[in-house]
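Welcome! Have a look at the fold shown here, and then let us walk through some of its features together.

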Amino acid sequence: MEKELHEQYEYARRRLRQKKRLYYHFVFFTLISIFLFTAHRFFDIGIDTNWSTWIIIVWLFVFTLHFIKVFITDRFMNKYWERDQIDRLVALQQKKIAQLQSKVEENNSK
């Protein structure tokens, strides 16, 4: 029981760390995006293309991938999901083995 409680605690710590990093990423993304936009629009830093917009779009894409990883992928396909899938597959294999054994025994008894 203590091992299971410790695993739950470690999982909660890991999830909290992931969310904390995502929030830092969002704040950093927002501040740097405002800075890039301001530098490009008001101070005419750089060439005449919309370089700041492209940087912000690419970074937004990376942030979206980070968000999906933290709140969708890792939330559902974590260690517990893997363990449940392995248990389900092992149970299916054992059921098939039992069926094959019963067929072999039936054939041998005839």
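At 41% relative accessibility, V62 counts as partly exposed (buried means under 20% relative accessible area, exposed over 50%, and partly exposed in between, with a 1.4 Å probe and protein chains only). This is a predicted model, in which local features need pLDDT of at least 70 and side-chain atom pairs count only at pLDDT 80 or more, while totals for chains, interfaces and linings use all residues. Residues are numbered from 1 along each chain as its sequence is written, and side-chain values use heavy atoms, with hydrogens and water left out.

**The nonpolar patch**
- V62 sits in helix α2 (helices are DSSP runs of H or I with at least four residues, numbered from the N terminus).
- V62 is also one of the residues making a nonpolar surface patch of about 970 Å², together with others including F61, L65 and W81.
- Helix α2 gives the largest share of this patch, 8 residues.

**Two helices side by side**
- The axes of α1 (residues 2–42) and α2 (residues 51–76) come within 10 Å and cross at roughly 170°.
- These two helices, α1 and α2, are therefore roughly antiparallel to each other (angles over 145 degrees count this way).
- Their contact has 19 nonpolar, 7 polar and 7 charged residues.

**The salt bridge**
- How many salt bridges does a search of the whole structure find? It finds 1 (a side-chain nitrogen of Lys or Arg within 4 Å of a carboxyl oxygen of Asp or Glu).
- The partners are the side chains of E7 and R83, at 3.7 Å from N to O.
- E7 lies in α1 and R83 in α3 (residues 79–109), so the pair ties together parts that are 76 residues apart in sequence.
- E7 is partly exposed at 21% relative accessible area, and R83 is partly exposed at 36%.

Methods:
Axes fitted to C-alpha atoms, helices over the stretch in contact; angles between N-to-C directions. Parallel < 35°, antiparallel > 145°, perpendicular 65-115°, else oblique. Nonpolar A, V, L, I, M, F, W, Y, C, P; charged D, E, K, R; others polar. Patch = residues over 30% accessible without salt bridge, like charges linked within 9 Å, V, L, I, M, F, W, Y side chains within 5 Å. Areas by Shrake-Rupley, 256 points an atom, 1.4 Å probe, with all protein chains shown as cover.
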